[in-house]
Amino acid sequence: MDAEPPRRGDRQEQCAACHTPDSAYLWSNERWRLKSPPAPSGLPVVVILEPRAHLDLGDLSTMHAAELGVLTVRLERAIRSLESVAQVHVNRWGDGTAHLQQWFLARPAGYLQLRGPFMTMWDEILPPVEEHEWQMNLEYIAAWLTDD
């Protein structure tokens, strides 16, 4: 293609993340919010960290960038501390939305075939995690962030 198609939310007034209330998020503070997909998937945890402000990765101020680093480490530790999790993959794909979304995907312990970049595809193939376990994992992660 000669020109890249626009991404969702290129204009802030059309950005879904900017217009979503905090009540739809697992955790939030004055500059960041954490959400999950609306239903369990094949992985024990999938969460998405977003800045509150309409920013993409290259738009982050030094302060936001430093906080992103600290929050990335805290989230990785929280997710990896779950008994059912062996590793955590941290990803950012820039093609979908203009509002930064950093994804955290937990590889289940013992599922060595899920190692590497194809884990996102396995997330859609595996049967969903039990609703109760999924909710408990999300509550645990939100509590970990709240206990700063």
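A polar contact, as I use the term today, is a pair of N or O atoms within 3.5 Å, where within protein one must be able to donate a hydrogen and the other to accept it, and where residues adjacent in sequence count only if both atoms are side-chain atoms. What we have here is a predicted model, in which local features need pLDDT of at least 70 and side-chain atom pairs count only at pLDDT 80 or more, while totals for chains, interfaces and linings use all residues. Residues are numbered from 1 along each chain as its sequence is written, and side-chain values use heavy atoms, with hydrogens and water left out.

Let me start with glutamate 50, which lies in strand β3, strands being DSSP runs of E of at least two residues and helices runs of H or I of at least four, numbered from the N terminus. Because its relative accessibility is 0%, glutamate 50 counts as buried, that is, under 20% relative accessible area with a 1.4 Å probe and protein chains only, against over 50% for exposed and in between for partly exposed. Its side chain forms a polar contact of 2.6 Å with the side chain of tyrosine 25, and another, of 3.0 Å, with that of glutamine 101.

Turning to the nonpolar cores, meaning sets of buried Ala, Val, Leu, Ile, Met, Phe, Trp, Tyr and Cys residues joined through side-chain atoms within 4.5 Å, the largest has 23 residues, and Leu34, Leu49 and Ile79 have the most contacts inside it. Among the elements giving two or more residues to this core are β3 (46-51) and α1 (62-80). Apart from it lies another core of six residues, including Leu43 and Leu114.
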